[in-house]
Amino acid sequence: MSSASEQSASEQEARQGAEFGRSPARLPADGGRHARAAGVNGRPRPAVPAPEPGAPVWPGSPEPLGAHFTVDAHGVAGTNFALWAGGAEAVELCLFGENGTDGPAEGETRHPLTELTDEIWHGFVPGVLPGRRYGYRVHGRWDPWTGARWNPAKLLLDPYARAVDGDFGGPPGRPRTALPAEVYGHVRDWPQQHVADTVRDERDSAPHVPKGVVVADRDDPADDRRPGTPWADTVVYELHVRGFTMRHPGVPERLRGTYAGLAHPAAVEHLVRLGVTAVELLPVHQFAHEDHLLRRGLGNYWGYNSIGYFAPHAAYAASGTRGQQVAEFRRMVRTLHAAGIEVILDVVYNHTAESGELGPTLSLRGIDNRRYYRLQGDARRYADYTGCGNTLHVAQPNVLRLIADSLRYWVTEMGVDGFRFDLAATLARDMRGTDEPDMRAPFLAVVAQDPVLRRAKLIAEPWDVGPGGYRVGAFPPPWAEWNDRYRDAVRDFWRGALPDVRDLGYRLAGSSDLYAWGGRRPHASVNFVTAHDGFTLRDLVSYDRKHNEANGEGNRDGTDANRSWNCGAEGETDDPDVRALRRRQIRNLLTTLLLSTGVPMLVAGDEMGRTQGGNNNAYCQDNETGWVDWSALEDPGWRAVVRLCSRLLALRRTHPVLRSSAFFSGRRQSAHGLRDLAWFTPGGTEMTEADWYAPTATLGMYLSGRDIPQRGPTGGPVTDDSFLVILHAGPRPVRFLLPGPPWAESYELVADTSREDQQTAPGTRRRAGARTVVPARSVLLLRAVPTGRGVRA
């Protein structure tokens, strides 16, 4: 921190305003410290209002954190409140309305929590029942130059709130064009914006912010009927809870866009028919809208702006927001489990909705800014490894506990099966100031030893925007990772931009170059061609450039590195040849994905040609741009793509060689066997080192079912059919010599992506040792027929 003499005149002026220009409730001019009688831990504590008559606060317990309704041994019903606020000087519990009160009536009553145990402020309030709304006001110093940003004028959301009622911006139904100035801890509109964050705002934020809701602990048994799908058998389907059903004609209108809508039979039927085993839900933690989006008449659609790590986002509930959203989410999980589908949450523990020093004060900033966030050297600014203004200080014990408690809650109480961690490299940054992610970081160690979390499916987005943040292949067991190197290689191959097929070979076979260490398996690679972030699959083959004008950022947002090809026309076209080529390219990309070793991830709607009109960053498009368009299934061509996906996933379930749980070695597994994996040129010869370096648009991959590199449950060998996959990205047909004995006597055609309708493809036999024509830009999947099975012409 700089001395006063080293600060600029404007900074000194702003600081004086922060200390002197106050109403009587503001801090005196003593450097931001209260001159009152000593309070807890010898620190001065400001005077706070007395409890309301008839509502005493008993000492309660510091465990568990959050608000927990209970009935004590004497039959007294009430709620225990516990808040970690290590540096605070005083904490007030604020209760709103009456138990079970509907509507926006506030009726705030404040209760000081006088018990402090191990930095946890706590108290038990008799008579507070489930459904009661609450928040906190936390007192302390205002000294942004040292990172101290306490402001009791701001009502704060409990980080452990299990349900949230209301929204940031005021009562429901009131149009929002910006976040209200009252929700900022500093004077947002201070004339000198470069020091605005140093001037404390004394206006009450309570009318403008949502409240936590007391939720009863579940009294029904935990969901023990989880599908428990092995990693090798997993097929992930990434979807948005709201966007998946908003346009679904089979879901009742009142349920569209909700947890109940996703659990509706019409929605579940599509998932089951398609054959996916897990849904990966875009963020469902309570989140807030950014001010800059509200000012443009937009909002945060994707939800990567979390503010409540225990609360299911209230806007996705059809049944109510006074705790009903919790039960509705649980019912959704149980319904999906009953259909054999696991639930994975996309979670955002790397940053919060409070943004940087000019952001609002909603929760953690006002509880203990210095212990929740990573600050820069001057402590006034925030370290930002996320591109979102702040970074949670995950190495701090209180933050580690918050995240671990949240994860365990969603597994044990809400029934989810796993998590995909947004910008997971941020979570691996430690306290040593090395500015590099460390795979021995406290967060990873906590997860690895936790008896609940280590059994959940854990998927890392293995990068962030900070120094050294790209860590694909580096996360330790038991983590899986989004493999963007798979995405890039497959996209480049099918658009004709790969110089050779070395990288493609690794990606198709499970990326052993990235993951074959530490006992990791191919399922460590979550393979994807598209994700929520970027072009949809249809747009990937329809646009060379992003078209994000609707986001209101001058088309500057979103990546320019799309690795896309528009097939000859930018955007939608009536040209039948271009339309046919695009659909063929979609079949090629999907077939490649579903025949690759590793865990495939599909994006909702890609199988039916969903388009965002070329928008590759639809994070703020809560409208038809971001929603799945189910009317596409009226087109026979898109129905055929859905059938192809379903058929390939059925093949994957049936044939272990297509979902190997062990890496291929490229060697014979027995004296009389074949290589478990072999690669062929169009000339029918096994590829040499020189072939891997040579430019080519054609690659043959032979998967031997006689030599699968894994064992069955009792230790015996696993055998299966053998398959030859031929990928040809060239613009003209190629003649491919099918490998003869001992590889096969003949080959049976299983799928041909050059065909719009696959119904006529299966069953056709082709003689080994003969040349077969592979159509331009297509994938052939052939089953190898061993010697003695006969050949049909």
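## Basis of the description

A residue is called buried when its relative accessible area is under 20%, exposed when it is over 50%, and partly exposed in between, with a 1.4 Å probe and protein chains only. The model is predicted: local features need pLDDT of at least 70 and side-chain atom pairs count only at pLDDT 80 or more, while totals for chains, interfaces and linings use all residues. Residues are numbered from 1 along each chain as its sequence is written, and side-chain values use heavy atoms, leaving out hydrogens and water.

With a relative accessible area of 8%, W302 is buried. W302 sits in the loop between α5 (291–294) and β15 (306–312); helices (H or I, at least four residues) and strands (E, at least two) are DSSP runs numbered from the N terminus.

Apart from residues up to four places away in sequence, W302 touches H240, L282, P283, H532, D533, N617, A618 and Y619, where contact means heavy atoms within 4.5 Å. One of these partners, N617, is 315 residues from W302 along the chain, yet their C-alpha atoms are 9.9 Å apart.

## Nonpolar cores

A nonpolar core is a set of buried Ala, Val, Leu, Ile, Met, Phe, Trp, Tyr and Cys residues joined through side-chain atoms within 4.5 Å. The largest such core has 168 residues, and F421 and F443 touch the most other members. Beyond its neighbours within four places in sequence, F421 contacts V347, Y349, L407, L427, F443, L458, I459, A460, E461 and W479. A second, separate core of 19 residues includes W482, L514, V599 and M601.

Helix α11 spans residues 484–494, and nine of its eleven residues are buried; among them are R491, F493 and W494. Just after the helix, G496 adopts a positive phi of about 75°.

R491 is also one of the contacts of N562, together with F535, L540, K546 and N616, leaving aside neighbours within four places in sequence. N562 lies in the loop between α14 (537–540) and α15 (576–595) and is buried at a relative accessible area of 4%. Its side chain makes a polar contact of 2.9 Å with the side chain of N616. Such a contact is a pair of N or O atoms within 3.5 Å; within protein, one must be able to donate a hydrogen and the other to accept it, and residues adjacent in sequence count only if both atoms are side-chain atoms. A polar atom of the N562 side chain also lies 3.5 Å from the backbone oxygen of T559.

## Cavities

On a 1 Å grid over the protein atoms alone, a cavity is a set of points where a 1.4 Å probe fits but cannot get out, and lining residues have an atom within 4 Å of a point. Volume is the space filled by probe spheres set on the points, which are joined across faces, edges and corners. The structure holds seven cavities of 30 Å³ or more.

Key: On a 1 Å grid over the protein atoms alone, a cavity is a set of points where a 1.4 Å probe fits but cannot get out, and a pocket is an open set with protein on both sides within 12 Å along at least five of seven lines; lining residues have an atom within 4 Å of a point.
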